[in-house]
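Welcome! Please take a look at the sequence and the structure below, and then let us walk through some of the details together.

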Amino acid sequence: MKAALFDAIVAAGRRKRPVATVTDLNDGAQALVTADSVTGSLSLDAAQIAESRAMLAGEASGLLREAASPGGDGPRLFVHVYALPRRLVIVGAVHIAQALAPMARLAGYAVQIIDPRGAFATHARFPDCDLQVAWPDDVLRNSPPDSGTAIAVLTHDPKIDDPALRVACPGPAFYIGALGSRRTHAKRRERLAAEGLTAAQLDRIHAPIGLAIAARSPAEIAVSILAEITAVRRGGVPVAGPQAASATPAAAS
Amino acid sequence: MDPAPGDPIAVAARWRAAGLGVALATVVSTWGSSPRPVGSQLAVDEHGNFVGSVSGGCIEGAVVETAQRIIRQGGVELLDFGVSDDDAWAVGLACGGRVQVFVERLDS
C-alpha cells in the first residue's frame with residue numbers, strides 16, 4: 001500500500017469520514033474512493049466506482065460483483081470499507097459507566113461520557129475518555145445522535161436523565177436505554193409524556209436497561225447493557241420493551 | 001473519541017512512524033463457516049508482532065510469516081486457507097471454512 005493512500009485512510013478516520021479502498025488482488029494496485037473523489041494508481045470505470053460507493057454507503061466490504069466472475073482470470077477487485085466507529089453516549093459518570101466505557105471501546109465504540117456534576121466527571125475516574133462536564137441536552141443538541149449512535153442513560157436522577165431522553169427519543173439513535181426499575185420507568189414515562197413525547201418515542205427506551213442476566217455488580221450491569229446494545233445492533237434477539245417478570249432486571253432500583 | 005484499542009490501522013500507523021516495516025493482511029473472501037468476516041485485518045511489524053485477527057487464531061501464525069517475508073521482499077500475496085488444502089489444514093483452519101487473505105506491505 002502506498003504511503004499516501006495509507007495516510008489518507010488514517011486522516012479520514014480522524015476527520016470522521018468513511019472511505020473505501022479498492023485493491024486489484026493480482027498486483028496490489030489501489031484506489032481510494034470517497035463519496036466525492038477517486039484517487040490512486042488503480043483506474044476504475046464508472047460502474048466500478050458506482051458499486052464501490054454503494055458498498056461504502058452500506059458499510060459492506062467485499063469483492064466487486066462484476067469482477068468476481070467464478071473461475072475468471074480477470075482482475076479481482078476487493079473493496080475495503082473503513083467505516084466510522086459506532087458512538088456510545090453514556091449519560092452519568094457513575095460506577096457502571098466506569099465499567100461500561102472500556103468494555104464498549106473494546107467492542108469498537110467511540111465512547112462519550114456526559115455529566116454536569118464535576119465531582120463525577122473527572123479524568124481520574126475516566127482516563128482516555130471524551131468527557132463532557134455539561135448538561136446532556138446541550139451536548140446532544142450540539143452533536144446530535146445519528147443512526148450509528150447508542151445512548152445509555154445512567155444517572156438515575158431525573159434532573160439529568162430526563163433532558164437527555166427528551167433530545168434522544170425523537171432522534172435516530174439505534175439504541176436508547178435508561179437505568180431504573182419498572183416503577184421508576186413508569187414515572188419517567190409519565191413525566192416525559194407530560195412534556196410532549198409520544199408513546200412511540202417513549203417505547204424506544206429500553207428500560208430497565210440491559211439484558212436480564214441477573215446482573216448485580218457495576219461490571220455485570222455493564223455487560224448486560226453492552227449485550228443489549230449488541231443484540232439491537234445485530235438483530236440478535238428480541239429485546240424491546242419490558243422484560244419477562246421472572247427475570248431479575250439489571251440494575252433494579 | 002479514540003479508535004478502539006488494538007485497531008490495526010492505528011497501530012500500523014504508530015509502527016510506521018517508529019520506523020518499523022509493516023504489512024497489512026486482510027480477509028477478502030470467505031466460504032462456509034469462518035470466524036472473522038470479510039474486511040477483518042491484521043497488522044504485522046517486521047519483528048512478527050501483530051494486532052487484529054483474520055481468523056479465530058488458526059491461521060495467524062502462517063499469515064504473520066508471509067507478512068514478514070513481504071515486508072522484506074515487497075510485492076503482494078493472496079493466501080488461500082481451507083479444508084481442501086492439505087497445507088492449510090496443517091496450519092489448522094479447523095472450523096472447516098475457507099478464507100482468502102490478501103497480504104501487502106505498507107510503504108514507508
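## A first stop inside chain A

Thr21(A) is buried, because its relative accessible area is 2%, and under 20% counts as buried. Keep in mind as you read that this is a predicted model.

**The surroundings of Thr21(A)**

- Thr21(A) belongs to strand β1 of chain A, which covers residues 19-24.
- Which residues does Thr21(A) touch, leaving aside its neighbours within four places in sequence? They are Leu5(A), Ile9(A), Ala31(A), Leu32(A), Phe78(A), Val79(A), His80(A) and Tyr82(A).

**Chain A as a whole**

- You can find 8 helices and 11 strands in chain A.
- Chain A has 253 residues, and 48% of them count as buried.
- Take the contacts in chain A between residues at least 6 apart in sequence: 57% of these join residues at least 24 apart.

**A sheet in chain A**

- Six strands of chain A form an open sheet with parallel pairing, in the order β8-β7-β6-β9-β10-β11.
- Which strands stand at the edges? They are β8 (130-132) and β11 (205-206) of chain A, and each has a single partner strand, so one side of each is left without a neighbour in the sheet.
- Further in, strand β6 (residues 87-91) and strand β9 (residues 149-153) of chain A run parallel and are joined by 5 bridges.
- To see how these two strands line up, look for Arg87(A), which stands opposite Thr149(A) in β9(A).

**Salt bridges within a chain**

- Side chains of opposite charge can pair when their charged atoms come close.
- How many salt bridges are there over all chains? By the rule used here, the count comes to 12.
- One of them joins the side chains of Asp137(A) and Arg141(A), with N to O at 4.0 Å.
- Both Asp137(A) and Arg141(A) sit in helix α4 (residues 136-142) of chain A, and they are 4 residues apart, about one turn of the helix.
- Is Asp137(A) buried or exposed? Asp137(A) counts as buried, because its relative accessibility is 14%, whereas Arg141(A) is exposed, with a relative accessible area of 53%.
- Another salt bridge pairs Arg189(A) with Asp203(A), and their closest N and O atoms are 2.9 Å apart.
- This pair links distant parts of the chain, with Arg189(A) in helix α6 (residues 182-194) and Asp203(A) in helix α7 (residues 199-203) of chain A, 14 residues apart.
- Arg189(A) counts as partly exposed at 26% relative accessibility, and Asp203(A) counts as partly exposed at 49%.
- In chain B, Arg69(B) forms a salt bridge with Glu77(B), where the closest N and O atoms are 3.2 Å apart.
- Arg69(B) is partly exposed, with a relative accessible area of 28%, and Glu77(B) counts as partly exposed at 25% relative accessibility.

**A buried serine in chain B**

- Where does Ser55(B) lie? Look in the loop between β3 (50-52) and α2 (60-73) of chain B.
- Ser55(B) is buried, with a relative accessible area of 3%.
- The side chain of Ser55(B) has a polar atom 3.2 Å from the backbone nitrogen of Ile59(B).
- The side chain of Ser55(B) also makes a polar contact with the side chain of Glu60(B), at 2.6 Å.

**Where chain B meets chain A**

- The contact takes 30 residues from chain A and 26 residues from chain B.
- Between them, the two chains bury about 2100 Å², and 63% of this is on carbon and sulfur atoms.
- Across the interface of chain B and chain A, the rule finds 1 salt bridge. There, the side chains of Asp7(A) and Arg16(B) meet, with N to O at 2.3 Å.
- Between chain B and chain A, 7 residue pairs are in polar contact, counting pairs with both residues at pLDDT 80 or more.
- On the side of chain B that touches chain A, at least two residues come from each of α1 (8-17), β1 (22-31), β4 (76-82) and β5 (98-106) of chain B.
- The residues on this side of chain B divide into 15 nonpolar, 6 polar and 5 charged.

Conventions. Residues are numbered from 1 along each chain as its sequence is written. Chains are lettered from A and ligands numbered from 1 in the order in which they are written. This is a predicted model: local features need pLDDT of at least 70, side-chain atom pairs count only at pLDDT 80 or more; totals for chains, interfaces and linings use all residues. Side-chain values use heavy atoms; hydrogens and water are left out. Contact means heavy atoms within 4.5 Å. Buried area is the accessible area (1.4 Å probe) that two parts lose on being put together, summed over both. A polar contact is a pair of N or O atoms within 3.5 Å; within protein, one must be able to donate a hydrogen and the other to accept it, and residues adjacent in sequence count only if both atoms are side-chain atoms. Ala, Val, Leu, Ile, Met, Phe, Trp, Tyr, Cys and Pro count as nonpolar, Asp, Glu, Lys and Arg as charged, and the others, Gly among them, as polar. Buried means under 20% relative accessible area, exposed over 50%, partly exposed in between (1.4 Å probe, protein chains only). Two strands pair if DSSP finds at least two bridges between them.
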